[in-house]
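Hi,

Here is the structure I promised to pass on. Have a look at it first, and then read on for what I found.

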Amino acid sequence: MARLPELRTTLLEHLFVLTLLPVGVAVLIAIPLAVSVRNIPVLRSAAIAITGIVQTIPSLAMLAFLLPLFGIGKVPAVIALTLYAILPILQNTLAGLRDLPPDVLEAADGMGFSKWQRLFLVELSFALPIIVSGIRTATVICVGVATLSTFIGAGGLGDFINRGLSLNRMSLLLIGAGAAAALALMLDFILDTAGLALRAGRRPRGLFGRFAICGLLLASVVAFAFVPIERKGGAIPGPGTGGPAPGTVRIGSKNFTEQIVLGELLAQWIEAKTDLRTERRFNLGGTMICHEALTAGAIDLYVEYSGTALLTLLGRELDPGASPEDVLEEIRAAYRQRFDLEVLPPLGFENTYAVTIRSDMAKERGWTKISDLVDHASELRAGFTAEFMEREDGLRGLVRVYGLDFGSLGDLAPELMYPAVAQGSVDVIGAFSTDGRILEFDLVTLEDDRKFFPPYEAAPVARRELLDRHPELEPALRELGGLLDGDAMRGLNHAVDVDKRNPRQVVRDFLESRLDKELL
Amino acid sequence: MIEFTNVTKSFPGIDRPAVDDVSFFIEAGETVVLLGSSGCGKSTTLRLINRILDPDAGEILVRGKPNTERPLLQLRRSIGYVIQNVGLFPHWTIEENVAAPLRISGVSPAERRTRSRRLLELVELDPEEFAGRYPDELSGGQQQRVGVARALVGDPDILLMDEPFGALDGVTRESLQQETRRLNEELGKTILLVTHDLFEALALGDRIGVMHEGRLEQVGTKSDLLNHPATPFVRELFGKPARQLELYRESRS
């Protein structure tokens, strides 16, 4: 199976770096913390309350909070996972210590146990099975939450899940989710057995059988880790981690097909035109994370869209009279001044939001532009991505400018939006204009006749410092300007999304045909 | 062996001292029982000896020296301590529980095993049957026997017993009382025992100290207390059940 080497890397990463390491650090924090606050009710409650609050922070929000401090990669992921692992261990340690009857402590004191003898021989050893069950809870939480750390490029089995989602590959999704579930079950079983074995009193029945199963599980992990597997090419690179090697350009991408294709394009172009090496840190979890990663220096380069940069990242408003060139100039100046980033010449296509319906409906009703919907909006069911619902250049502005009032509205994941409208579950979606599935599902986009949507020209954004360090890079990247028109981009997206081809291969074929034309 | 001089102890938030200007002594090999109702300060007095608590004023001599002069842990390890709810370590076997005082003093495992088994025999628990069990598998009376064995295993010359039989049913209590008397005749320890049970005090104490509201009303032998009560409280306590006492003593002799 071609995925095996990759599965091994991500599984071991998931187990050791994203689960055992944070749980280990959490143990070293939570147990001493519990011990030092156990007899001080105020601090005890405070410790539980604070770690409890940390626990309620949604995982993605936690990763976003850590982004400005620790950038992307394994460090912020391990920190976030450690924070999540502390609470169950702290709570169980405190509960275990409190379960010990006060007479027992008095007897120990009266006998002349020193403070440390009492703590280790009596209190902690009594609480141990309960502490182990807290560690078990923390471990299972970590295995689950760790699948999200792929969004900040920390690796692990989430890479499979994220790629499965962004490239619409069910098999990848199942491999990642299945391996994570198996890992969680295995660790749960082993730690449950440890807890049973540590319990005082008669050993529960079947314990030796459980030991045998644990041994088999551990042996199979070791075997999986060390048995050689022949590596075959063709894997889609996940967001790599680790520091940059000198002469290496780290290329980022957001987590949808077009972005991965564009990341590939930048990487292969740089490899072809310069002697620099490239590192692919694709599939980062969205616009904010890519931007933060770039400004924090965790990546060097990625492709952004001019309208998104203007409205979402710079927080400015669109001047209705502005041309695409004006917008580009505005963000170029602001990026230089505020972030020391260079906006390079646009690639030649726009990926705008497009109000999209089924083509048979468009024909039947004679609808060609967004204004045509206004009088019938109350009969229509609309489905949009969560991001579109919230963005000022999304639904809110659309409603304000056109006066649209849809009969029903629902959040849809991007990969579900296209089949949903094609099958008639909804009537209107906010598609991406370059998505290959618009053609595939026989959909049409309606004209933005009031010029509401800003231009979304795709342009590489690079760290100024990188361009200065490698003077050959900027001219190479400038050559990319105008290379891809809308039809070409749709074709590449279609090849990946619909024909299920490998993005690396798709880009390689595209560049080869381009270079052939150049030679002709 | 133990001597209290004008010892006072108060707890924060309570006006009346828990122990109010108490002075008495215990001779080597003697058993003194502190008798009083709950809250009279008898347990507090006992805990001042092994410094579970420290007094606000006054001095406590143990073996002729102020008990603050010896390092705290050494002092405690030289005194056997038995409490009402026993306080066995629930996750240790009976043998490990009995050997606990030896373990913290660094006695070798082999010697711990021999000595704890000998002590189990002394309190009439068959080591073969009980050594490997856990506390929750034992009855209350058996648990307290283990508690006594644990207090004696380090061979201390002083034994403090805080309501040791208070949580047991009448029959078990009586048999353990008899056994304590037997043990003491064999071992000759200096014992301070605290109880609210008049009969227990009469059965075990060479001398009895009566406590009431923090004050030590009188210390004396049974006949001193019965025949020459020093305060109205003592007279009241020993006067009313005098007839019952006679019957009780007759039944025992």
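Two residues are taken to be in contact if their C-beta atoms, placed from the backbone, lie within 7 Å. Please keep in mind that this is a predicted model.

With that cut-off, let me start with chain B. Among its contacts between residues at least 6 apart in sequence, 66% join residues at least 24 apart. Chain B holds 11 helices and 10 strands. Its radius of gyration is 18 Å, close to the 18 Å that the globule rule gives for 253 residues, so chain B is as compact as a globular protein of that length. The C-alpha trace of chain B spans about 55 × 45 × 35 Å along the principal axes, and 45% of the 253 residues in this chain are buried.

Now for chain A. Its secondary structure comes to 22 helices and 10 strands. Taken along the principal axes, the C-alpha atoms of chain A fill a box of roughly 90 × 55 × 45 Å. Of the 520 residues in chain A, 45% are buried. For contacts in chain A with a separation of 6 or more, residues 24 or more positions apart account for 78%.

And where do the two chains meet? The contact takes 16 residues from chain A and 17 residues from chain B. On the side of chain B that touches chain A, the elements giving two or more residues are α2 (72-77), β6 (79-83) and α3 (94-104) of chain B. The residues on that side of chain B divide into 11 nonpolar, 4 polar and 2 charged.

Best wishes

Note on methods:
Residues numbered from 1 in each chain as written. Chains lettered and ligands numbered in written order. Predicted model: local features only at pLDDT ≥ 70, side-chain atom pairs only at ≥ 80, totals over all residues. Helix = DSSP H or I, 4+ residues; strand = E, 2+ residues; numbered from the N terminus. Buried ≥ 20, exposed ≤ 12 C-beta atoms within 10 Å, placed from the backbone. Nonpolar A, V, L, I, M, F, W, Y, C, P; charged D, E, K, R; others polar. Rg over C-alpha atoms; globule rule 2.2 N^0.38 Å.
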